[in-house]
Amino acid sequence: MSTDSKKQLTLFSLVLMIFTSVYGFANMPRAFFLMGYAAIPWYLIGALFFFLPYAFMMAEYGAAYKQEKGGIYSWMERSVGPKYAFIGTFMWYASYLVWQVNVSSTIWVPLSNAIFGADLTHNLTYFGLKPTMWLGILAVLWIILVTFISTQGLDKIKQVTSVGGLAVMLLNVVLLLGGFIVLILNGGQFAQPILNGLHDFAVSPNPAYQSGLSTVSFLTYAIFAYGGIEAVGGLVDQTKNAEKTFPLGVTISAIVISIGYALGIFMIGTFINWQEILSLPGVNTANVTYIVMENLGVVLAGSLGANPQAALTIGMWVARLVGLSMFLALTGAFFTLIYSPLKQLIEGTPKALWPKKFSELKNNMPVYAMYVQAVIVIILILIVAFGGDNASAFFNKLVIMTNVAMTIPYMFLSAAFPFFKKKDSIQKPFEIYKSYTLALIASIIVTVVIGFANLFSIIEPGLAKGNWLDTLLSGGGPLLFALIAFLLYKNYESKQTK
C-alpha cells in the first residue's frame, strides 16, 4: 500500500471528523435549560427540514466532485458560477475566523474544569495582568501550536480529531446510560415529570422562552446546532473510495447526530428538575453543561446507595470528565476547522485572487496561507484581550455579526442544488434525490427554513428586547462580509481584463 493511500480517510475517520465538526454535546444541556422537553420538537424540525435534506445534498455534491480540492467553492462554481461561489465561500470562511478567535480564548474553561473541577480562569491575575489578558496570551499560544501541528499533514489532524470524536461519544454514553440507570432505579419516575403529555413538549418551563417570538426564534438555535457539515467538503479528495465512503459517512453522521440530540435532551429530564436546579441564579448557557452533568453524577451515585458526601465527590469527578471530553472535542473541531475552510477558499478559488505563495502546498496543506491566517487570528485575539472593555464589547458584536453570516452560505449551497441537478454534464455517482422535482422541493424547504431562522435571529433582539443595534449588526455582518468578497472579486476581474 502506498503512503498516500495510508493517509487517506476511512469511513470511521470521516464519521468522527464530521461528528467533531457538527455535534456539540453542550447543545443538549443548553437546549434543556432554555426550553426543557419543548426543545425536542424544534431539534426534530431542524433535523427533518434542514439537517437531513441538507446533509444529503452535501453527500451528492461530494460524490460528484470527488476529485475537486476546493470543497464548497468548487461545488457552487461548477453549479452556478464563480462570483456566486466566491461570495458564499468568503462569507463562510470569515465567520470561521471569528470562531477561531472565540474558541481559542474559551477552550481553557473546559480544561480548567477537567483539572480543578471548576472554572478558575477568572483567577488568572499574575504579573498585574487581567484574566482576559492571560486568556488572550493562552489563545495566541494555542493558535501557534495548532497551526504548527496542522501544517505537518492530515494524518496528524486525523489522530487529534479521532480522540475528540471518541471523547464526545464517551460523554453521550455517560449521559444516556446514566440517565437510563437513574430512571430504572427510581422506578420509572422522571426528575422533570411529564404531567401534561404533549403540552410539556410544546411549552418551555423557562419564563424567558414562553412567548411565541422567543419560542420560534429557538429554531435558529436548533439550526446552529446542526451547522458545519459542509466544512468537511474539502476532505472528499482525501477520502478512500470517495464516491461511496463520503456520502455514506455523511448519511450515517446526519442520522446519528439527529437522533442523538433528541434522545440526549429527553434523558436529561430523568435526573434534572428544571425548577429545582436550572432556575437558580447563576445558571447560564456557559456553565449549564457542567451543572447538568455534575447533577447526573450526584443523582446516579445517590440512587446506587452512596452517602451524600460520596455522591458530591462523584458529581465533581463527572464534571471533570465533561471538562476533559469537551476540551478534547473542541480540540478535534479546531484541528479540522483551522485548515478545512482555508483549504477550500485557497484551492477552489482562482489562483490570481491571492498572492502566489498562498497556493503552495507542503504536506498537502496550504502552509504559507495557514501562517498568514494564524497572524490575522492572533492580531484579533490581542485586540480583544488587551483592548479593554471596549474591545470585549467589540468582540461580542463581532460574534453577533458572525452567527448569521455562518449560516447564510448554507442558503447559497441549498439554492445552488437545483442548478447542480439540472446539469447533465456533471457525473453523479451517488443520488438520494432521484428526480429534479424532489431536489427542487428539498432546496426550497432548506433555503426557506434557513432564511426564516435567520430573519428571526436578526429581528428578535430588536422586537423582544429593544436592542436594535444587535439587530442591525446581525443583518449587517453578512452584508459586510459579502461586500468585502464582492470588492475582492471585482478587483480580480479588473486585473483579468487588463
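pLDDT is the predictor's confidence in each residue, from 0 to 100. This is a predicted model, in which local features need pLDDT of at least 70 and side-chain atom pairs count only at pLDDT 80 or more, while totals for chains, interfaces and linings use all residues. Residues are numbered from 1 along each chain as its sequence is written, and side-chain values use heavy atoms, with hydrogens and water left out.

Q: What is the mean pLDDT of the protein chain?
A: The mean is 83, and 92% of the residues reach 70 or more.

Q: Where does pLDDT stay under 50?
A: Residues 1–6 are under 50, and the model has three contacts for them beyond four places in sequence; a contact means heavy atoms within 4.5 Å. Where pLDDT is low, the predicted coordinates should not be read in detail.

Q: How many helices and strands does the protein chain have?
A: There are 19 helices and zero strands, counted as DSSP runs from the N terminus (helices H or I, at least four residues; strands E, at least two).

Q: What makes the protein chain as compact as a globular protein of that length?
A: The globule rule is 2.2 Å times the number of residues to the power 0.38, with the radius of gyration taken over C-alpha atoms. For 498 residues the rule gives 23 Å and the radius of gyration of the protein chain is 23 Å, so the chain is as compact as a globular protein of that length.

Q: Why is L328 called partly exposed?
A: Buried means under 20% relative accessible area, exposed over 50%, and partly exposed in between (1.4 Å probe, protein chains only). L328 has 26% relative accessibility, so L328 counts as partly exposed. L328 lies in helix α14 (residues 308–337).
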